[in-house]
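Biologist: Could you walk me through how aromatic pairs are read from a model?
Modeller: Gladly; let us look at the structure together.

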Amino acid sequence: MTCPTKLKLRGLTRLSPILLVALAACAPDETISAYAGGRYQLVELDGAPFDDRALLDVSEPGRITGDGPCNSYFAPQTAPYPWFEVGPIGASRRACPALDVESAYFAALRAMEFAESAGDILILSNTAGEEMVFQVAP
């Protein structure tokens, strides 16, 4: 993974010199485990409410797991925080009426590039302006 040259996080227009130094280092040991909360539920996808069930668990360093609308899934997460990079997603093979929604969810996860965590909210986004908003699962 190479370090991105442009950081786009919601509401962040200027970075402190200390943060710039930390980001420049691209510490590879700071994987997804830097996020608080552990298990999140998708509540919004690209500005629209997400009504189906989709859970994302980021409690294990370097790996994501969860449940889509139909299947459980797992994937490596290889980028240091605050970046987000998912490797190939493996999933169980149950059929259900929401398979198209699940495919869109997996595609959105693979397209995300940045992460920011604040309190019980996790926001994944990318340079194309796409966004996934998660809330800590009950």
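Biologist: What does the chain average in pLDDT?
Modeller: This is a predicted model, in which local features need pLDDT of at least 70 and side-chain atom pairs count only at pLDDT 80 or more, while totals for chains, interfaces and linings use all residues. Residues are numbered from 1 along each chain as its sequence is written, and side-chain values use heavy atoms, with hydrogens and water left out. With pLDDT being the predictor's confidence in each residue, from 0 to 100, the chain averages 81, and 73% of the residues score at least 70. Over residues 1-33, however, pLDDT stays under 50.

Biologist: How many aromatic pairs does a search of the whole structure find?
Modeller: A pair of aromatic rings is described by the distance of the centres and the angle of the planes. Rings of Phe, Tyr and Trp (its six-membered ring) pair if their centres lie within 6.5 Å, and planes under 30 degrees apart count as stacked, over 60 as edge-to-face and the rest as tilted. The search finds four such pairs. One of them joins Phe 50 and Tyr 105, whose centres are 6.3 Å apart with planes at 40°, so this pair is tilted.

Biologist: Are Phe 50 and Tyr 105 buried or exposed?
Modeller: Buried means under 20% relative accessible area, exposed over 50%, and partly exposed in between (1.4 Å probe, protein chains only). Phe 50 is buried at 13%, and Tyr 105 is buried at 0%. Tyr 105 also forms a tilted pair with Phe 106, at 5.8 Å and 45°.

Methods. Contact = heavy atoms within 4.5 Å.
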